Amino acid sequence: MTTESTSSPLRPEMLRQRFQEIFGDTAGLCIARAPGRVNLLGDHTDYNDGFVLPMTVDRAVYLALRRRDDGRVRLRSLNFDEEIRYPLDERPEVSPGEWTSYVTGAIEELRRRGLVSVGFEGVVWGDVPLGGGLSSSAALEVATVVALQSLLDFDLDAVEAAKLCQQVEHRYAGVQCGIMDQFAARLGRENHALLLDCRTLSHDDIPLSLGEINVVIVNTGLRRALASSKYNERRAECQQAAAFFRQHAPAVTALRDVTADLLEAHQSGLLENVRKRCRHVVLENQRVLDAATLLRNNELAGFGELMNDSHASLRDLYEVSCPELDALVAIGQDTAGVLGARMTGAGFGGCTVHLAERSAIPDLEERIQRLYPPRFNLEPDIHILTRNLEAGPAEE
Ligand code: GLA
């Protein structure tokens with residue numbers, strides 16, 4: 001299936017109607033959203049204190065909320081047709097990774113900080129594909145925080161909100177993720193990519209003036225299970241490697257601090273797999289910085305080449321790709337007019353991202369549809385990104 005960004009989604013209106021059906025009327029209703037993200041460059045660098053270059057997408061998670069005066073929380077997921085009800089200060093036990101773990105986790109973190117102390121009710125709905133590599137969970141966490149902030153008007157700056165949402169992932173979903181997804185969902189801006197230094201959290205919005213070039217996202221159709229994947233294992237390998245380099249250079253606190261020279265000088269002391277992980281991180285960080293410069297200068301051909309290099313590195317050195325991702329990337333790279341292609345996000349399924357001339361897209365679609373499904377028995381979802389959203393109130 002191929003879809004293109006729609007220009008005026010009536011999603012807030014749909015939430016309002018569903019809220020009315022469930023709760024009777026819509027007095028005092030507040031609607032907010034947070035988008036998913038696609039990472040253009042820099043994967044598995046964030047938890048190594050490195051650099052990333054994501055942008056938000058045109059799909060988001062929306063919450064429509066209003067206050068209750070009995071201190072209770074009642075929320076209905078329209079995607080799952082499930083509901084949770086509980087007193088605010090008695091967070092229920094929920095399974096890590098379920099929608100309820102992200103929502104109740106975010107509420108609990110806000111409550112513990114004294115920012116939420118009243119009850120509320122509402123509906124939640126999203127069109128970010130679940131487990132599809134576009135960070136539906138970060139969108140859900142951030143949307144929960146942003147919606148409660150619009151409803152209750154508390155002070156929480158955007159960077160703190162992103163950090164809080166990362167905590168939710170660590171404490172309630174069992175994934176030791178970095179900060180990229182939550183940061184992008186909270187701070188990513190329309191028509192911009194976000195260059196983020198994951199150590200200092202300093203960030204730069206890079207305007208996207210892509211002209212006749214489009215970002216195309218292709219979902220493998222293979223669901224990515226982050227917690228059960230090798231994500232936490234990779235993270236541990238990186239910590240091990242940083243500790244090893246610290247013996248040689250005491251200033252190293254994360255792989256971000258390992259230079260190409262330091263790696264060269266000492267890599268023989270590492271196990272083969274750990275050596276490969278390090279090479280990826282060191283080279284990928286540099287690619288992000290180079291790519292950001294190219295993007296600022298609108299040198300998109302060079303940017304595309306770095307995407308290709310990044311994919312090879314994630315496949316061969318970091319070993320987080322899979323045959324489905326590799327096949328979509330190869331199809332992209334073999335299509336005239338495609339400037340670059342790579343897997344995006346954690347890997348082991350999820351999505352690829354392609355930079356393609358508009359005129360090349362029909363050819364890209366045709367080749368994917370012809371070559372991919374018969375080989376994998378999966379339906380790829382091709383999405384042409386023509387706009388991207390920001391987190392915030394959604395009263396459009
Ligand atoms: C997942 C994590 C992020 C990041 C990416 C890989 O999306 O949530 O923090 O580590 O994988 O770049």
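Author: Contact here means heavy atoms within 4.5 Å. Please keep in mind that this is a predicted model.

Reader: Understood. Which residues of α2 and α3 meet?

Author: On the α2 side they are Trp99, Tyr102, Val103, Ala106, Ile107 and Leu110. Their partners in α3 are Ser137, Leu140, Glu141, Thr144, Val145 and Leu148. By class, this contact of α2 with α3 has nine nonpolar, two polar and one charged residues.

Reader: At what angle do α2 and α3 pack?

Author: Helix α2, residues 99-112, packs with α3 at about 40°, and the axes are 9 Å apart. The two helices are therefore oblique to each other. Their crossing is right-handed.

Reader: And how do α3 and α4 cross?

Author: The axes of α3 (residues 136-152) and α4 (residues 158-173) come within 10 Å and cross at roughly 125°. An angle over 145 degrees would count as roughly antiparallel and 65 to 115 as roughly perpendicular, so α3 and α4 are oblique. The crossing is right-handed.

Reader: Which residues make that contact?

Author: Ser137, Glu141, Val142 and Val145 of α3 meet Ala161, Leu164, Cys165, Val168 and Glu169 of α4. These divide into six nonpolar, one polar and two charged residues.

Reader: Let us turn to α10 and α11. How are they oriented?

Author: Helix α10 covers residues 323-333 and helix α11 residues 361-376; their axes come within 10 Å and cross at roughly 155°. They are therefore roughly antiparallel to each other. This crossing, too, is right-handed.

Reader: Which residues are involved there?

Author: From α10, the contact takes in Pro323, Glu324, Ala327, Leu328, Ile331 and Gly332. From α11, Leu364, Arg367, Ile368, Leu371, Tyr372, Arg375 and Phe376 take part. The classes are nine nonpolar, one polar and three charged.

Reader: Where does a polar side-chain atom lie 2.6 Å from an oxygen atom of the ligand?

Author: That atom belongs to Tyr231.

Reader: What about polar backbone atoms?

Author: A polar backbone atom of Gly178 is 2.9 Å from a ligand oxygen atom. For Ala346, the distance from a polar backbone atom to an oxygen atom of the ligand is 3.5 Å.

Terms used. Residues are numbered from 1 along each chain as its sequence is written. This is a predicted model: local features need pLDDT of at least 70, side-chain atom pairs count only at pLDDT 80 or more; totals for chains, interfaces and linings use all residues. Side-chain values use heavy atoms; hydrogens and water are left out. Axes are lines fitted to C-alpha atoms, for helices over the stretch in contact, and angles run from 0 to 180 degrees between N-to-C directions. Helices (H or I, at least four residues) and strands (E, at least two) are DSSP runs, numbered from the N terminus. Angles under 35 degrees count as roughly parallel, over 145 as roughly antiparallel, 65 to 115 as roughly perpendicular and the rest as oblique. A crossing is left-handed if the near helix is turned anticlockwise from the far one by less than a right angle, and right-handed if clockwise. Ala, Val, Leu, Ile, Met, Phe, Trp, Tyr, Cys and Pro count as nonpolar, Asp, Glu, Lys and Arg as charged, and the others, Gly among them, as polar. A polar contact is a pair of N or O atoms within 3.5 Å; within protein, one must be able to donate a hydrogen and the other to accept it, and residues adjacent in sequence count only if both atoms are side-chain atoms.
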